[in-house]
Amino acid sequence: MNWKKQRHSGTVRLLHWVYAPAVLALIFSGLYIHSPSHAFGFKRMDSARKTHAVAQFLLLNSYVARVCYGMKDKNYKEIIPNRKTLKAIPKFLKYEFFLSEKKTKYPKYNPGQKILITSLAGLTLVQMITGMALYFKPLQRAVKPAGGLNRVRWLHYLAALMTASSVSVHLYFTLTNSLKKLKSIFTGYA
């Protein structure tokens, strides 16, 4: 009998499919808000701002839910890089940069995925904090001693560019890894 192994629970998949489009909507609407252009898919500032607000709400709630779920199920240990992950990076990079043909098997996530997912979580946190500082007036006054809103705005923009780059790398890993693993984010099983 050929039993398929569960790779992602229903909760993980549901949260992934809530925050994945939310992140993409935030990137495009945020880039439009920063520098309006039809290339980002919006015709008016008002629609970009509404999209940004809805996507923020979805991302914030799904992010908090994912952190709580990770703590409850202790599956955060599969994601957060440790010493073993750091030691495995050179071997992983050799394979990814076509310097070695030997592909190493990893329990669930490879070192690149672990670092990427953890950095996306950190960038999301920076985006949330700086986004709230830009949006809420009481927080706008609070950031004045730290250089004012312009510095916060540039930090928010820089974090958005880093998030967009990380999403691109995530898509690269996803599309160049095995088809079974790709299917598992839809079906749960590999």
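**Helix packing and aromatic rings**

Guide: Helices α1 and α8 are roughly perpendicular to each other, a term for angles of 65 to 115 degrees, whereas angles under 35 count as roughly parallel, over 145 as roughly antiparallel and the rest as oblique. The axes of α1 (residues 10–34) and α8 (residues 179–187) cross at roughly 90° and come within 8 Å. Such axes are lines fitted to C-alpha atoms, for helices over the stretch in contact, with angles from 0 to 180 degrees between N-to-C directions.

This is a predicted model, in which local features need pLDDT of at least 70 and side-chain atom pairs count only at pLDDT 80 or more, while totals for chains, interfaces and linings use all residues. Residues are numbered from 1 along each chain as its sequence is written, and side-chain values use heavy atoms, with hydrogens and water left out.

On the α1 side, Arg-13, His-16 and Trp-17 meet Ser-184, Ile-185, Phe-186 and Thr-187 of α8; contact means heavy atoms within 4.5 Å. The residues of this contact comprise 3 nonpolar, 3 polar and 1 charged. Here Ala, Val, Leu, Ile, Met, Phe, Trp, Tyr, Cys and Pro count as nonpolar, Asp, Glu, Lys and Arg as charged, and the others, Gly among them, as polar.

The setting is a protein chain with 8 helices and 0 strands. Helices (H or I, at least four residues) and strands (E, at least two) are DSSP runs, numbered from the N terminus. The C-alpha trace spans about 60 × 35 × 35 Å along its principal axes.

The aromatic rings come next. A search of the whole structure finds 7 aromatic pairs. Rings of Phe, Tyr and Trp (its six-membered ring) pair if their centres lie within 6.5 Å; planes under 30 degrees apart count as stacked, over 60 as edge-to-face and the rest as tilted. One of these pairs, Tyr-32 with Phe-42, is tilted, at 5.7 Å centre to centre and with 55° between the planes. Tyr-32 belongs to helix α1 and Phe-42 to the loop between α1 and α2 (45–73), so the pair ties together parts that are 10 residues apart in sequence. Tyr-32 counts as buried at 6% relative accessibility, and Phe-42 counts as buried at 11%. Buried means under 20% relative accessible area, exposed over 50%, and partly exposed in between (1.4 Å probe, protein chains only).

Tyr-135 and Phe-136 form an edge-to-face pair, 5.1 Å centre to centre with 90° between the planes. In that pair Tyr-135 is exposed, at 62% relative accessibility, and Phe-136 is partly exposed, at 41%. Elsewhere, Phe-92, Tyr-106, Tyr-172 and Phe-173 form one aromatic cluster.

The loop between α1 and α2 also holds Arg-44, which is exposed, with a relative accessible area of 54%. The C-alpha atoms of Arg-44 and Tyr-32 are separated by 9.1 Å, with the two residues 12 apart along the chain.

Two other arginines lie over ring faces: Arg-7 over Tyr-109, at 5.7 Å from the ring centre, and Arg-153 over Trp-154, at 5.9 Å. A charge sits over a ring if NZ of Lys or CZ of Arg is within 6 Å of the ring centre and within 35 degrees of the ring normal.
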